[in-house]
Amino acid sequence: MRHSAILLELERRIERIEARPRSPGGIVSTGVSALDDLLPEGGLPRGQVVEWAGPRSSGKTTLLRATLAGLRATGESVALIDPARTLYSPDWDALIAGEGRFWVIRPVDPTEAAWCADLILRSGAFGAVALLAIACGISLRHDDDFPLRHGVTIRLQRLAEEAGAVFITSKRVPLAALRLSFRAGRIEPVQEVFGPFLPPVRPVWVSVGKHGAVEVPLLCPVSPPWNRESMRDRKGPST
Amino acid sequence: MKAAPSRVATVLTERSAEPPADARLATALLAGSPRVARVGPGACRVDARGWERCGGEMALTRALGKGAAEAGFTVSGIGVGDVAVVADAAALLIRKLRGREEGAMTLPGMAAAQDGTIIVAPRAGAAFLAPLPLSFLPLPEEMREILRALGFRRIGDLATRDRSELESRFGPAGVRAHRLSRAEDDRAFWPLEVDDLPQASLELDGPADALEPLLFVLRHLLHRICADLLNLGQCATRLSLELRLEGRHTPRRARILPARPTRRENLLYDLCRASLERAVGREGLLDSPVLEVTLRVERVAAPGTRQGDLFTSDWRDPMAAAAALSRLRARLGDDVVAWPHPRAVHRPEARSRWRPVSSVETAEEDRPRSVHPVSGKSVLDSVLHLLPEPVEVEVRTVEGCLVELRDSSGPHPLIVAEGPERISGEWWKNPYRREYYRACTRAGELLWLFRERLRWWLHGYWD
């Protein structure tokens with residue numbers, strides 16, 4: 001092939017690349033097929049801010065973990081910002097193994113969380129960035145401190161778009177492209193001779209705007225947390 | 001397999017600071033040989049074959065010296081030998097002895113020594129190396145120290161030992177060292193051993209207590225350092241930033257730790273800047289005026305970056321991730337980027353441990369085995385949030401059953417509470433004895449409570 005022909009071919013290929021959207025794949029699976037089916041695009045849209053709203057125990061952190069794990073399985077890096085520093089590390093141990101990489105950002109000052117998200121999204125090296133709300137107050141009713149400010153949301157939205165990453169936050173977002181609302185379903189205690197017990201499975205409901213809602217079953221916490229499957233090969237206490 | 005050249009010449013010049021200068025040197029040396037490789041700052045290695053009918057190797061070295069001089073370089077030593085390790089040793093030797101006894105010097109196997117050149121006779125490399133000190137061999141520093149401690153002083157001491165002894169002690173590195181000591185070197189164009197790492201310093205025109213002049217100097221120093229790293233073909237994994245302060249004997253030092261080996265000037269500048277910003281007070285001034293700034297590379301590593309693919313749009317640059325994580329650590333502290341690292345202890349808050357990630361590379365190597373898949377399950381495990389400090393609450397019980405929890409927001413009826421699960425321990429330092437309950441409020445909140453010394457605490461919740 002002559003040089004001019006090679007250059008022409010190269011120019012054509014570069015034009016095709018430039019015309020292609022930056023985001024790879026377009027969507028990110030939540031790891032729950034029923035929820036993916038409910039979402040308008042069949043998953044979480046890349047390049048967008050996704051609000052992951054719900055009170056405590058509504059399953060949002062559990063679903064978030066499944067989403068991040070699924071993304072990691074495809075070889076992408078994910079970052080999870082935990083300004084409240086409340087994540088229980090044994091629950092996240094399994095996310096370290098796999099193709100992609102998983103980083104947890106734990107700023108001492110929670111007000112730095114948005115800056116952390118900005119920096120990570122700006123690098124363009126992560127497929128997903130998740131920012132958890134601060135939930136360490138005494139009150140059981142309030143799971144968030146304050147929403148992301150309008151300007152911050154726009155800034156993070158633009159960065160997510162440039163990076164082709166999905167930005168998930170459990171803080172309230174004024175202009176979220178997609179809002180997933182989580183709600184704990186009714187737990188029916190199992191009546192035994194020695195009193196009521198937690199059922200093996202608890203339902204949570206995830207609704208996606210006007211598209212409806214889907215029920216996702218989650219395992220109830222087993223007794224006690226130090227006997228989790230993830231720690232079964234380690235020495236646990238005798239109770 | 002392609003055979004290695006049977007004669008190699010190493011040309012050392014006074015060290016240059018800029019990468020284009022080394023490129024000019026390599027171009028200039030093409031006057032003597034068509035095969036030239038840059039192997040370090042101001043150092044090149046050339047194929048020395050083919051001059052038999054044109055005046056021999058001495059004519060080659062003269063041509064090389066002339067070419068380098070015409071390009072504006074001062075040659076500090078040229079060595080010629082069968083293999084690279086011999087040529088390097090000859091060039092380093094002539095540089096060390098320059099201006100002293102080079103004319104009168106005789107070593108076994110040496111065919112000629114004049115005009116800043118040592119030519120080692122064919123097949124005499126091992127004999128030439130034998131009386132030289134071990135520092136002339138490119139060995140890992142740790143191995144060199146051990147060998148010195150074991151009484152090895154000369155290369156010949158190493159060459160006479162049995163190879164299996166070195167293999168059993170040092171593994172493959174021992175075998176390689178033994179081969180080199182016997183002038184068995186099948187790679188002609190590998191880099192020279194780096195004996196001094198890049199550093200740069202600048203004395204300020206006057207004492208400076210503000211950040212701006214220091215940043216200006218820092219940019220200049222980093223430019224030089226990164227150029228040196230580029231010449232070496234290495235990346236920095238650790239740097240030290242030293243400020244000499246007015247009226248103080250001890251300089252202030254800070255360590256710069258990028259998350260991944262790098263020679264990106266902007267990234268290193270950001271990390272150094274963050275370090276300086278931590279040193280300034282609220283008024284933006286340092287506590288003592290700075291007289292001199294020194295930047296020193298303390299550790300280097302080979303660049304480990306993956307080649308990007310222009311035609312794959314989903315390729316993500318791992319260096320960009322490393323840069324972002326480095327900036328986070330530089331500004332917010334070393335433990336801000338963490339990995340889950342649970343401990344096998346009973347106390348929940350001690351069990352939930354996070355390990356600071358110091359290096360992206362290290363983290364990748366230390367990556368634990370897969371424990372169990374998180375996704376792909378039909379029903380997902382609930383995830384626990386553990387409060388940084390347990391929050392005291394009031395719990396009302398009826399006949400030993402938990403029926404209501406009360407906190408600052410009011411009462412919360414409990415529909416079920418499983419427990420107790422008792423743990424106790426650490427009687428020798430910080431004893432605890434707790435009874436844990438998993439409780440569910442009417443609103444559907446799954447809480448983790450414990451009772452200790454008749455007081456109730458909320459320790460976490462499942463989400």
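Visitor: What should I know about the model before I start?

Guide: The model is predicted: local features need pLDDT of at least 70, side-chain atom pairs count only at pLDDT 80 or more, and totals for chains, interfaces and linings use all residues. Residues are numbered from 1 along each chain as its sequence is written, and chains are lettered from A and ligands numbered from 1 in the order in which they are written.

Visitor: What are the ipTM and pTM of the model?

Guide: ipTM is 0.83 and pTM is 0.61.

Visitor: How do I read pLDDT, and what is its mean in chain B?

Guide: pLDDT is the predictor's confidence in each residue, from 0 to 100. Chain B has a mean of 81. In that chain, 86% of residues reach 70 or more.

Visitor: Where in chain B does pLDDT stay under 50?

Guide: Over residues 361-375 of chain B. A contact means that two C-beta atoms, placed from the backbone, lie within 7 Å. For that stretch the model has 28 contacts beyond four places in sequence.

Visitor: Now chain A. How many helices and strands does chain A have?

Guide: Helices (H or I, at least four residues) and strands (E, at least two) are DSSP runs, numbered from the N terminus. Chain A has six helices and 12 strands. Among its contacts between residues at least 6 apart in sequence, 66% join residues at least 24 apart.

Visitor: How is burial judged, and what share of chain A is buried?

Guide: Count the other C-beta atoms, placed from the backbone, within 10 Å of a residue's own: 20 or more is buried, 12 or fewer is exposed, and in between is partly exposed. Of the 239 residues of chain A, 49% count as buried. Take Arg65(A), in helix 3 (residues 60-73) of chain A. Arg65(A) is buried, because 25 other C-beta atoms lie within 10 Å. Arg65(A) and Trp92(A) are 27 residues apart in sequence, yet 7.9 Å apart in space, C-alpha to C-alpha.

Visitor: What span should helix 6 of chain A have?

Guide: The expected span is 1.5 Å times one less than the number of residues. Helix 6 (residues 150-163) of chain A has 14 residues, so it should span 20 Å. Its end C-alpha atoms are 20 Å apart, which agrees.

Visitor: Which residues of helix 6 of chain A are buried?

Guide: Thr153(A), Leu156(A), Leu159(A), Ala160(A) and Ala163(A). Seen down the axis of helix 6, the buried residues fall within an arc of 130°, so they line one face. The arc is that of the directions from the helix axis to the C-beta atoms. The face turned away from the buried side carries exposed His150(A) and Gly151(A).

Visitor: What do the buried residues of helix 6 of chain A pack against?

Guide: Strand 3 (49-53), helix 5 (113-123) and strand 7 (166-169) of chain A. Just after helix 6, Gly164(A) takes a positive phi of about 65°.

Visitor: How do I read strand pairing, and in which sense do strands 4 and 6 of chain A pair?

Guide: Two strands pair if DSSP finds at least two bridges between them. Strand 4 (residues 78-81) and strand 6 of chain A pair in the parallel sense over four bridges. Ala79(A) stands opposite Val129(A) in strand 6. Strand 6 also runs parallel to strand 7 of chain A, joined by four bridges. There the partner of Val129(A) is Phe167(A).

Visitor: Which way do the residues of strand 6 of chain A point?

Guide: Ala128(A) and Ala130(A) point one way. Val129(A) and Leu131(A) point the other way, and all are buried.

Visitor: Which strands form the closed barrel of chain B?

Guide: Six strands, in the order 14-15-16-17-18-19, with antiparallel pairing. Neighbouring strands of this sheet are turned by 45° against each other on average, direction ignored. Axes are lines fitted to C-alpha atoms, for helices over the stretch in contact, and angles run from 0 to 180 degrees between N-to-C directions. Strand 14 (residues 384-398) and strand 15 (residues 401-407) of chain B share five bridges. Val395(B) has Leu405(B) as its bridge partner in strand 15.

Visitor: Which peptide bond in chain B is cis?

Guide: The bond joining Gly419(B) and Pro420(B), with omega about 0°. Pro420(B) sits in strand 16 (residues 410-425) of chain B.

Visitor: Is Ala183(B) buried or exposed? And Leu454(B), buried or exposed?

Guide: Ala183(B) is buried, with 25 other C-beta atoms within 10 Å. Ala183(B) has a positive phi of about 60° although it is not a glycine. Leu454(B) is exposed, with 5 other C-beta atoms within 10 Å. Leu454(B) has a positive phi of about 70°, and it is not a glycine either. Leu454(B) lies in the loop between strand 18 (446-452) and strand 19 (455-462) of chain B.
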